[in-house]
Amino acid sequence: MAVETIDIYELMERAYLGSGEKSVHALSVYLEKQVRFAACIAVSILAASGDLRVPLPRKGGLGSHLSHIKKVADNCDNTASYPEISELLSALVESLNSPQENQEPGISLKRYRDFLAHGGLEPAGEALRKALNEAIEFNAEAITECINSLGGVTRFDSQYYIGNSIPLGPLFIEIDGGFSMFHDLSGSKAIFYTLDPTRPLREVEDVSKLADLGKILAEPAGTDEESRQVSRFQGTVRSDLQGFVESGETISIIGEYSPFNVEWSRKLSDGSEYRSDTFKLDRNGTRLWFDGARWSEYSSFLKSISNWSVVVARSLARLVELDKNALAANENQFKYESSFVLPANVKTRFSIKDLIGATFDSKRDLDDVDLESQIDESATSINGAPQIFFVTGEAGIGKTHNLLQASLRRAHSVSSNGLSQPLYLYISCSGVGLKKVDELIDAAVVGTRNLDYKSVLALCRAGLIVLVIDGFDELLGGAGYRDAFQLLAPTLNQLGSRGTLLLSARSSYFANQYQASIEAARGVHPISVHHMVLELQRWRRSDVDQLFDANKCWAIFRARLSDSDRELLGVPFFARAFNDYVMGGAGADSFNGLRSVLIDAYLDREVAKMEGSGSANLVTKTQLRAIFEEVAGMMHESLISFLDLEDFKFACATALELEDFTGKRSALWDRLTVLCGISATAVDGAAPLFAFQHDIFYEVLLADYLASNYLGKQASYASMTEVLSKAVLGDATVQSLIGGYAEVVGQFLKVMSVLPPHAGTVLSSNIAALTAAYISARKVIPGVLFQGVVFDSVELADMRPFSVRFTDCRFERLVLEAGSIENLWLDSCEVQHLAIVGDGVLPLAGVELSGKSKVLEISRVSDQGQEGFFADSQISVLEGLRSLGATGFDEQLTAAENSQPSELEIFAERVLTKFSSRRNSYVIEARTRVPGAGASAWIRDPHNAAWADLTDALERAELVTVRVLNASGASKLTVTFVAPPWDVVDRESDSDRIQRFWADVHDRR
């Protein structure tokens, strides 16, 4: 849909004034409309910039809005922000409040308008009409000049914007294709004035629009907290009933105080049922419903109208069927699955990888967590924002199995003992094709015969249901891989301030595409949602030892397994594949690595199937492997997770070097469509979509495809670079490339270790991952110069002495070992955490920092594993580097020593340095402005009064926003960084705001 330029002011003027002469009364009415229009424009712009200090009145007449725009204009003058807004609003105030010539002495147009509005007699003559026309014309010029100076108004996808970026919603919206402007908000209904004379006034009850309005409107005048709670409760009831009310019927809320009644018609399978339900708040603010005999919790009301017992029973039946299908697929995949023994004390571990959002502050000191306990706590708590638990992990680690089994366990538990735990609604994205989240939810609950998308969201908001979306990275195929987070936006908006989701995806997907999508969403369509990112861990080495003890037939392979293979046995999929290999009678002498075992086993099985069906000699094992590789390569290069029929046929023909599959080859084509490693899924009756049955196949075979097509020849490196720029490689692809093609990968990395300035984050991520894996496997660095690479973790330990230069690189974690370094040059590099292992007086001798290089944290561990010192402030880090033997930063150290920082400056640097690694927000008590007793262990010195001074300085420099946290207990504030902490901590930043902040804290002595 194209962006169109639209003059909304002209539309409004044409609708109200037309072309003929207007009465004095009509002109005075339009004068008020101009003021309201300007107020809505100003509030929209200031709210989008995060600088709204004077909220718009919820209701009121011309006087209220004149007073409002005068306050807004004064605030703009005081802060020098948006002078265009200040000039516009000041002009309108003067236009209406200034005494009029040729009128009663001291009488303004505002007073004349009030006089007429309250029944006063219209003055004789044309003087007042002339004055009104002149004022309207003057105001119109001021309004249009202001709008045009800010880029004019554009319309895109039924939304209005100033320029192309500042949204005018929710004060200006489109109703039935026409432009409408906010008038007032009362209870749970917003009134909008349209330009349609047949329906000039429209009521809006959309929960997302009401929620957005609530953020920019003033609190109801003269109401106490209880009435506000009642109003919010009524809004919740109205929102929740959208999924249960009969289509076309209204929801009537009777009463403004507690208790109140709701009259509505509930839809049934065979008609509808009229209901009148009564609700109230108790003295503690608990929401209650009268069930006919007693007051019960509000969740009991939702259970009643959803036929909860039926929902649970049918959900359990669905999950049992899904589990049977999964078991059958597993047994089909692994011939000897029934013989595989998994010891009871080999446990699944979920480790916290990242926390995004202040509502997870109390979890920052946790490591491994019980997933279901965390989810239940989230679902039954009021957090002020939806919470997403994002389970990541490599292919084959068991994400699908664990999420499905957790959902099944919960359904059994709720069904058998009726505990008030949330039900997990399991949804698989595998093979669903082009679907939206609401369609997936509808499909998942169709078997309950009494739930749909809207009613599921009501139950989710109430903590009765947790949405479990498995394989989120598979959603929408290629489109999902690029911006799948946007698919969640409508659901998150409708959940509002509460709801829990459990998602799963591959680690590389979250680390790159999903996080990038979150950042993009923040700029275009801000969504308040918090994340706990969990990584499903491999089984430990001790767990693998138990697998050998429990599966006796593995014993002969114990000595043949490399360290890499032993680690791979910690991946459930590989453990089962290895068991199949052993139980199939293979000898230890033929063992050639687990990944080869996996692929060879499936190719052998398919060849046997083809021979058994009379298709022998049509295709060889080598040709089958070529087909798999070609399919994997086509998917990667096209950024999709499945192929349609024609693309799949093309991939097969390319691999087999055939032009078509006609004649005798038609039988071969029939067999290829049911390859054991490929799943063909027909979506909604369309042609089948072909995808790998498991990501392991895709990732391992992609490594073979890349190696055979792009590595080994200098001329192919440019093409390899282009391919690596498309999508982030999975862990199995990286490990397979290093495990099977280390020599040619090393040669490639020597050439590509210096990235061009225009290299994107995807290419940098892939080069970094391959380099780190190569170093880990070969204990040698593939090159002497690296430039522009962003590394996660690199371990330069247990290696032969080396010399290498890194220029303009970034390390999340860099591990160095005493005695291994000949020369290590860090030129304009940033190291988030430098870990030194081993003993020695000067372990960093040979390390030289130059340019703008900086190290944010240092730690040291002895050969015996004892922790040494830890430093995280600028001067302590620099002094630590010097004491350990590093050179090249004398000027930085001298400047740091001579700067004589204030105590607040030292505190600020320590806090910001720590925040640079993990956080972008913190919570403080509203009264004391310090984190206080409720802070997590991760927050250091939470009672230090310097927190208040630090927050004030950050706020003065416009580097943070401070908002009220909607949570129980003492009033708290959430402080969120506008600029990332790792930018703020950089004293040499070019940002005026950051420079102003450091000057401020330096002067506070």
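What is the order of the strands in the open sheet of 4 strands? The order is β1-β2-β3-β4, and the pairing is antiparallel.

## Basis of the model

This is a predicted model: local features need pLDDT of at least 70, side-chain atom pairs count only at pLDDT 80 or more, and totals for chains, interfaces and linings use all residues. Residues are numbered from 1 along each chain as its sequence is written, and side-chain values use heavy atoms, with hydrogens and water left out.

## The sheet

Strands are DSSP runs (E, at least two residues), and helices are DSSP runs too (H or I, at least four residues), numbered from the N terminus. Two strands pair if DSSP finds at least two bridges between them.

β1 (4-5) and β4 (166-167) stand at the edges. Each has a single partner strand, so one side of each is left without a neighbour in the sheet. β4 pairs with β3 (residues 159-162) in the antiparallel sense over 2 bridges. Ile 166 in β4 is the bridge partner of Ile 162.

## Helix α9

Helix α9 spans residues 298-305. Its buried residues (under 20% relative accessible area, 1.4 Å probe, protein chains only) are Tyr 298, Ser 299, Phe 301, Leu 302 and Ile 305. Seen down the axis of α9, they fall within an arc of 150°, so they line one face of the helix. The arc is that of the directions from the helix axis to the C-beta atoms. Just after α9, Asn 307 takes a positive phi of about 55°.

## Arg 129

Arg 129 sits in helix α6 (residues 127-149). Arg 129 counts as buried, at 17% relative accessibility. Neighbours within four places in sequence aside, Arg 129 is in contact (heavy atoms within 4.5 Å) with Glu 21, Lys 22, Ser 23, Val 24 and Leu 27.

How values were computed. Buried means under 20% relative accessible area, exposed over 50%, partly exposed in between (1.4 Å probe, protein chains only).
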